Amino acid sequence: MNVVVAGAGYVGLTISVTLAYVGHDVACVDVDEGKIELLHSGKVPIFEPGLAAMLNLVRAGVRFTSCYRDAGVDQADVIFVSVGTPSLPNGTTDLRYVKAAAREIGRNLGPGLTVIVNKSTVPIGSGNLVNALVRDVFRTHNEDDPGDRYVVASSPEFLREGSALHDALYPDRIVVGAEDQRAVDVLSSLYRPILNQDFPAPEFLPRPYGLGAVPLVTTNLPSAELIKYAANCFLAVKIGYINEMAQLAERVGADVTQVARGMGLDSRIGPRFLRAGIGWGGSCFGKDSAALISTAEEYGLTSPIIQAAREINERQRRWVGERLLSELKTLKGRKIALLGLAFKPHTDDLRDAPALDIARRLLARGAQVSAHDPVALSRARREYPDLGVLYCDDALAAVREADALVLVTEWPEYRRLPWEKVKGLLRVPLLLDGRNFLPRHELERLGYRYVGVGR
Ligand code: NAD
């Protein structure tokens, strides 16, 4: 099928190469000309494991452009809208990029049936909004009604940064929401190789053992839109819950990692998303939880559970500074080293990263902050040049003469640091393990004052 993907970000690039890999002709269009230039020169503008290798593999099946007409919107069977949907200051969703994409699609629509799919996470009702925008723009340019030229569907994306390709090729489920059966038929056939799992797995991304057919969940438009928010907010609540337990565990002398294990083995609960730490970040949980709360408000409802999850997350971030203050008595003039800047390992994404927030709070208390990250440093230097943090290319340089070290992102390489040497470089051997990730007993044996979350 001919597919156009609007947006070449974490989601758009991943679905572009995935659909090309399973045999479709894909054109990926992005208004950021710098990104498109990089892609033309064979470079990937983001860090996502396997993406460069996959792009290499599907070169012939995917092309990149910054022009909707050149992307072949008029010939497209399916167009995915996968542009950014950031939060506005009041928590509602900024739909300007979705609207701009919809207008471009309306302007360039061809005579055949095109299924326009919202893959961006968009508030309930956005399917209708896109529908109306495409129709209005088409009418303005053609003095005619678009009639049967397009239908709108929602197919939210559930990939996780850091394992985006894996999640796109081997999803737990695919959701398609539409009011028109033709959209469901077209998308079922587009997704068929993934649903049936009958494509040869790439060598570098083997199919998970035992994976059978992928369930297709078909719904009406608002249900598909709500599924995405409901799923993300549930995960945010689950993390918030274990973090609430962590705070209590610390007071009562319990170890939250043991509590989580004891809870998670209950098959009704499950072990995932039960790792206490300094909280979630990233481009989705914060904005999607804010958006769901504001959607509920529009309908006269409150969302106390989601609200609480957000507050607990905020408390976890605050706790870092408070705990360091209680250990060091003052933060003024202290040097605090942060290991990890990305919001989670295996990505360079810094959107709503806890590290940035924690750094700002420490700086505001008069501390000096140094930071290292194996992948996200250049992005941090580019996007946050004035944060006031000393960015260090080497973890050992970041920790030199620090009064405390905070493990913010659980990059596997931090487990393998020469911890004895690190201790010799620190002014005070205080280690706050914000992800309960490092080998506590070994570190204590080396003489560290180890502080975990909820233990
Ligand atoms: P991103 O910021 O990485 O990418 C968005 C891209 O859209 C940018 O490259 C931008 O230049 C481009 N763009 C903006 N306006 C455009 C337009 N009019 N036409 C074409 N391109 C345009 O964002 P992302 O992380 O890929 O997220 C995209 C959407 O997917 C969001 O709604 C997000 O909530 C959702 N989502 C993200 C993830 C994730 O893990 N990142 C997971 C699931 C869903």
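Predicted model: local features only at pLDDT ≥ 70, side-chain atom pairs only at ≥ 80, totals over all residues.

Residues are numbered from 1 along each chain as its sequence is written, and side-chain values use heavy atoms, with hydrogens and water left out.

**The open sheet**

Helices (H or I, at least four residues) and strands (E, at least two) are DSSP runs numbered from the N terminus, and two strands pair if DSSP finds at least two bridges between them. Select the six strands that form an open sheet with parallel pairing, and follow them in the order β11-β10-β9-β12-β13-β14. The edges are held by β11 (390-391) and β14 (449-451), each of which has a single partner strand, so one side of each is left without a neighbour in the sheet.

Next, select β9 (residues 335-339) and β10 (residues 368-372), which are joined in the parallel sense by five bridges. Within this pairing, I336 stands opposite V369 of β10, and the bridge partner of L338 is A371. Helix α13 (residues 354-364) packs on the sheet against β9 and β10, its direction making about 180° with that of β9. Together, β9, α13 and β10 make a right-handed β-α-β unit; right-handed here means that, with the strands pointing away from the viewer, the path from the first strand over the helix to the second runs clockwise.

Stay on β10, where four of the five residues are buried (under 20% relative accessible area, with a 1.4 Å probe and protein chains only), so this strand is largely enclosed by the rest of the structure. Two bridges link β10 to β11 in parallel, and S370 faces L390 of β11. Between these two strands the chain passes through helix α14 (residues 377-383), in a crossover that is again right-handed.

**Strand β1 and its partners**

Move to β1 (residues 2-6), a mostly covered strand with four of its five residues buried. On one pairing, β1 runs parallel to β2 (residues 25-29) over five bridges, with D25 as the bridge partner of N2. The chain goes from β1 through helix α1 (residues 10-21) to β2 in a right-handed β-α-β crossover. Another pairing, also parallel, joins β1 to β4 (residues 78-81) over four bridges, and here A6 has V81 as its bridge partner.

In the loop between α1 and β2, select G23, which is exposed (over 50%) with a relative accessible area of 58%. Its C-alpha atom is 8.7 Å from that of P193, although the two residues are 170 apart along the chain.

**The ligand**

Finally, select the residues around the ligand (a heavy atom within 4 Å): there are 27, of which D30, K35, Y68, T85 and K287 come nearest. At T121, a polar backbone atom lies 2.9 Å from an oxygen atom of the ligand.

Definitions and conventions: Contact = heavy atoms within 4.5 Å. Axes fitted to C-alpha atoms, helices over the stretch in contact; angles between N-to-C directions. Polar contact = N/O pair within 3.5 Å; in protein donor to acceptor, adjacent residues only side chain to side chain.
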